[in-house]
Amino acid sequence: MNALAATNRNFRLASRLLGLDSKLEKSLLIPFREIKVECTIPKDDGTLVSYVGFRIQHDNARGPMKGGIRYHPEVDPDEVNALAQLMTWKTAVADIPYGGAKGGIGCNPRDLSRSELERLTRVFTQKIHDLIGIHTDVPAPDMGTNAQTMAWILDEYSKFHGHSPAVVTGKPIDLGGSLGREAATGRGVVYATEALLAEYGKSIEGMTFVIQGFGNVGSWAARLIQEKGGKIVAVSDITGAIKNPNGIDIPQLLKHKEATGDLKSFSGGDSMDANEVLVHECDVLIPCALGGVLNRENAADVKAKFIIEAANHPTDPEADEILSKKGVIILPDIYANAGGVTVSYFEWVQNIQGFMWDEEKVNKELKKYMSGAFHNIKNMCQTHDCGLRMGAFTLGVNRVARATTLRGWEA
């Protein structure tokens, strides 16, 4: 099941539990605005090339729309639509005053030089500058984009609207980015894991963890879990996978990856089949890579007792049912990976105030938001007698539905 179908299915289940009016339900599903633009740039050799850019603005009932911009060959309206909708529910679950959006350009950033990427980003910004804004829609980095991409968007947008650091988040620190933003998603995953384990009288210390995906989110989660006394017994990324029953030394692994670019030649662990990582023996499994990795083929073999969804949509609905029947506790993505958008919100607040926080304050506030959201999800689970995924979806959908009704959506 693709991301859009799965998101719509979860939304409809939540809507039924909440007893939403069918007209309101339909209105909440339809995106506020869909933007599709042609971006033509001269390549370094002088030839012209065109790319298609998208921005789907899903909902703004609770505040400006918020969501990443990805540069990826497979950016298509369906995927962007699903991710925009997920952002609407995610920001509501985290209780930050945003709606949801998502965007992207169908290109392979690896095939473009730095100057070509800059020209593409600037042309895209020129095409959408009057449809994004500090109080309208605030983009952020996503797959294939980074702080530098945000710096170019900020510069191009400011040519039209004056200096506007709050128009994007995930910027370089020198241009008003927030301290703690780089580690935020991984740190949020760790705070979410602590909140969940505390429910079962456990803590990170002494538990075994497997991390699938060792990019920004996975590497920060691994580092912080090890600092808190957790034992990471297997790690994988696109270059391969390694395991060590006595625990992998994460700082050493990070140094090795930086030096060589891969995991599998690391001497502090044994190489293993990357597909085996998801079914490796452990207490807590954290998928941090792509969607749909847990499916009906492998779900029955999962040995973890807890799954923390650090990636977007890593568990498809069929796997969800199989794992629930086995008694595996799944912490859903729309809560577990909300640390990034929460610290993006802090960055936006700091930019609007023109006052920067220190990292300690950022992390303290993040912990407060993640703990509060978990508590609210648990309350919804009790109210509607449902699991954590529906607890999170009912919490998010209910907040957006209430805001929409209060604003007078039928007028």
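# A walk through the predicted model

Aspartate 385 sits in the loop that joins α12 (359-384) to α13 (388-407). The structure is a predicted model. Although aspartate 385 is not a glycine, its phi is positive, at about 50 degrees. With a relative accessible area of 73%, aspartate 385 is exposed.

Histidine 313 also has a positive phi, near 55 degrees, and is likewise a residue other than glycine. Its place is the loop between β11 (306-308) and α9 (317-326). Here the relative accessibility is 13%, and histidine 313 therefore counts as buried, the limit being under 20%. A glycine with a positive phi can be found just after α11: glycine 354, at about 65 degrees.

Helix α11 itself covers residues 339-353, which is 15 residues. From its first C-alpha to its last it reaches 21 Å, close to the 21 Å expected at 1.5 Å a residue.

Next comes the nonpolar interior. In soluble globular proteins, nonpolar side chains tend to be buried together. In this model the largest nonpolar core has 82 residues. Leu28, Ile250, Leu253, Ile286, Leu331 and Tyr335 are the residues with the most contacts inside that core. What does leucine 28 touch, leaving aside neighbours within four places in sequence? Its contacts are Phe11, Leu20, His58, Asp59, Trp89, Val397, Val400, Ala401 and Thr404.

Ile250 leads on to a pair of helices. Helix α7 (residues 216-227) and helix α8 (residues 250-260) have axes that come within 9 Å and cross at roughly 150 degrees. Since angles over 145 degrees count as roughly antiparallel, that is how α7 lies to α8. On the α7 side the contact is made by Ser219, Ala222, Arg223 and Gln226, and on the α8 side by Ile250, Pro251 and Leu254. Sorted by class, this contact has 4 nonpolar, 2 polar and 1 charged residues.

The loop between β8 (240-243) and α8 holds asparagine 244. Is asparagine 244 buried or exposed? Its relative accessible area is 16%, so asparagine 244 is buried. Not counting residues up to four places away in sequence, asparagine 244 touches Ile232, Val233, Gly268 and Gly269.

Two further residues concern distance along the chain and distance in space. Glutamate 199 belongs to helix α6 (residues 184-199), and at 45% relative accessibility it is partly exposed. In sequence, glutamate 199 and lysine 378 are 179 residues apart, while in space their C-alpha atoms are 9.8 Å apart. Once residues up to four places away in sequence are left out, glutamate 199 touches Phe374 and Lys378.

Lysine 43 lies in the loop between β1 (33-42) and β2 (48-59). Its relative accessibility is 25%, so lysine 43 counts as partly exposed. Leaving aside neighbours within four places in sequence, lysine 43 has contacts with Val49, Asp111, Leu112, Glu116 and Arg119.

Notes:
Residues numbered from 1 in each chain as written. Predicted model: local features only at pLDDT ≥ 70, side-chain atom pairs only at ≥ 80, totals over all residues. Heavy atoms only, no water. Core = buried A, V, L, I, M, F, W, Y, C linked by side-chain atoms within 4.5 Å. Buried < 20%, exposed > 50% of the residue type's maximum accessible area, 1.4 Å probe, protein only. Contact = heavy atoms within 4.5 Å. Axes fitted to C-alpha atoms, helices over the stretch in contact; angles between N-to-C directions. Helix = DSSP H or I, 4+ residues; strand = E, 2+ residues; numbered from the N terminus. Parallel < 35°, antiparallel > 145°, perpendicular 65-115°, else oblique. Nonpolar A, V, L, I, M, F, W, Y, C, P; charged D, E, K, R; others polar. Expected span 1.5 Å × (residues − 1).
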